[in-house]
Amino acid sequence: MITLPINKIYAVEKVDWNRLKEDSLQLVEKEPDNIMAKFRYSIALANLGMIEEALDTFEEIEDTVSIDEFNQVVSPYLEGITLQSEDILSLNYAAFGASINKEYTISIDYFKRIIELEPDNIWIRNYLALVYKEIDNNELAIETCEKALEVKENEHSRLILAVIYYDTGHYIKAFFQANRAGSLVKKLLRDD
């Protein structure tokens, strides 16, 4: 297996997510079983707002390798990462890796750190909201989506809000948010 010192290339305060996506995709095409390249590709997609594609790739990783194998591959990239780190890519590794491991409180801390460093990254805010929803903290999930919407209007935050409101019996609010989620709701309805 070929591995590139990709952390060294991208270990900066800001990450060129498009470049990371393309570089990781090229590596995945050469090495389809390269777990780290797939994980890196998923993270790039997630940070570019390509949510469906990111989730598909995360799911592919979970379906093809055990959690132990995943952790063994990812752990060297997490060495030395703390909540004081400014390495955006490594913080993403830690946040998404913790989510995959269902270590949600750890994931929340890393997502919050990324938001401190990249307050305009609505996509990380949406993932944080999903983690809050996963642990049944709907109040913080709603607050996180609302903050993402303050940064930039987007259908994903609206869809998350619609699901939360529906799940909690607030059907009028759910309908309102679903209506504002537009094409995402239409796509979900077509897929079902």
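**Notes on a helical model**

1. Let's start with F70, which counts as buried at 2% relative accessibility (buried means under 20% relative accessible area, exposed over 50%, partly exposed in between, with a 1.4 Å probe and protein chains only). Keep in mind that this is a predicted model: local features need pLDDT of at least 70, side-chain atom pairs count only at pLDDT 80 or more, and totals for chains, interfaces and linings use all residues. Residues are numbered from 1 along each chain as its sequence is written, and side-chain values use heavy atoms, leaving out hydrogens and water.

2. Now the overall picture. The protein has 12 helices and zero strands (DSSP runs numbered from the N terminus: H or I of at least four residues for helices, E of at least two for strands). Written along the sequence, the pattern is simply α-α-α-α-α-α-α-α-α-α-α-α. Of the 192 residues in the protein, 48% are buried.

3. Which ring does F70 pair up with? The partner is F39: the ring centres are 5.0 Å apart and the planes stand at 90°, so this pair is edge-to-face (rings of Phe, Tyr and Trp, the last by its six-membered ring, pair with centres within 6.5 Å; planes under 30 degrees apart are stacked, over 60 edge-to-face, the rest tilted). F39 sits in helix α3 and F70 in helix α5, 31 residues apart, and the pair links distant parts of the chain. F39 is buried too, with a relative accessible area of 0%.

4. Helix α3 (residues 35–47) and helix α5 (residues 67–78) have axes that come within 10 Å and cross at roughly 70°. The two are therefore roughly perpendicular to each other (under 35 degrees is roughly parallel, over 145 roughly antiparallel, 65 to 115 roughly perpendicular, the rest oblique). On the α3 side you'll find I35, M36, F39 and R40, meeting E69, F70, V73, V74 and Y77 of α5. Those residues split into seven nonpolar, no polar and two charged.

5. How do α6 and α7 pack? Helix α6 (residues 88–100) and helix α7 (residues 104–117) meet at an angle of about 155°, with axes 7 Å apart, and are therefore roughly antiparallel to each other. Their contact uses I88, L91, N92, A94, A95, F96, A98 and S99 from α6, together with Y104, I106, S107, Y110, F111, R113, I114 and L117 from α7 (contact means heavy atoms within 4.5 Å).

6. R113 deserves a look of its own. This residue of helix α7 is buried, with a relative accessible area of 12%. Leaving aside residues up to four places away in sequence, R113 touches L83, Q84, S85, E86 and L91.

7. V131 is buried, with a relative accessible area of 6%. Its C-alpha is 6.5 Å from that of Y104, although V131 and Y104 are 27 residues apart in sequence. Not counting residues up to four places away, V131 touches S99, Y104, S107, I108 and F111.

Key. Axes fitted to C-alpha atoms, helices over the stretch in contact; angles between N-to-C directions. Nonpolar A, V, L, I, M, F, W, Y, C, P; charged D, E, K, R; others polar.
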